[in-house]
Amino acid sequence: MTANTPSGVGKPPTPEEIVELSSRLDLLPAVYALACETLPEMPLHAPLEMPSYERWVEEDATGPDVLAGGTLIALDGGTVVGFSGLIRRAADPHLAEHGL
């Protein structure tokens, strides 16, 4: 626990391995499950409603706006413990945003 860690919250896991999603498409269901569990907790101006698995895969995981090599998955003992992805911004193709 660090000085910035709230009381009662454990230390986040240190992943054993970071892989590109493109090399482990078999992990898509586990990444989606983690997204469904965690993304709705983000403090946003409006509640986040997760799309269907099929829509999420197309728009946020493998679609044309997802940057190749830009989606990383953190594994701990083979279990998905985190993920991060970059999505091309429609307004400027030279920019990307964190798609979580």
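Start with the second largest pocket, which holds about 150 Å³ of space. A pocket here is an open set of points on a 1 Å grid over the protein atoms alone, where a 1.4 Å probe fits, with protein on both sides within 12 Å along at least five of seven lines; lining residues have an atom within 4 Å of a point. Grid points are joined across faces, edges and corners, and the volume is the space filled by probe spheres set on the points. Select S22, A61, V66, A68 and G69: of the 13 lining residues, these are the closest to the centre of the second largest pocket. Its lining divides into 6 nonpolar, 6 polar and 1 charged, where Ala, Val, Leu, Ile, Met, Phe, Trp, Tyr, Cys and Pro count as nonpolar, Asp, Glu, Lys and Arg as charged, and the others, Gly among them, as polar.

The model is predicted: local features need pLDDT of at least 70 and side-chain atom pairs pLDDT 80 or more, while totals for chains, interfaces and linings use all residues. Residues are numbered from 1 along each chain as its sequence is written, and side-chain values use heavy atoms, without hydrogens and water.

Next, go to the largest pocket, with about 280 Å³ of space. Select L39, L48, D60, I87 and G99, the closest to its centre of the 14 residues that line it. By class, this lining has 8 nonpolar, 2 polar and 4 charged residues. Now colour α2 (53-61) and β5 (92-98), each of which supplies at least two lining residues of the largest pocket; α2 gives the most, with 3.

Finally, switch to a cartoon of the protein, which has 2 helices and 5 strands (DSSP runs numbered from the N terminus: helices H or I, at least four residues; strands E, at least two). Along the sequence the pattern is β-α-α-β-β-β-β.
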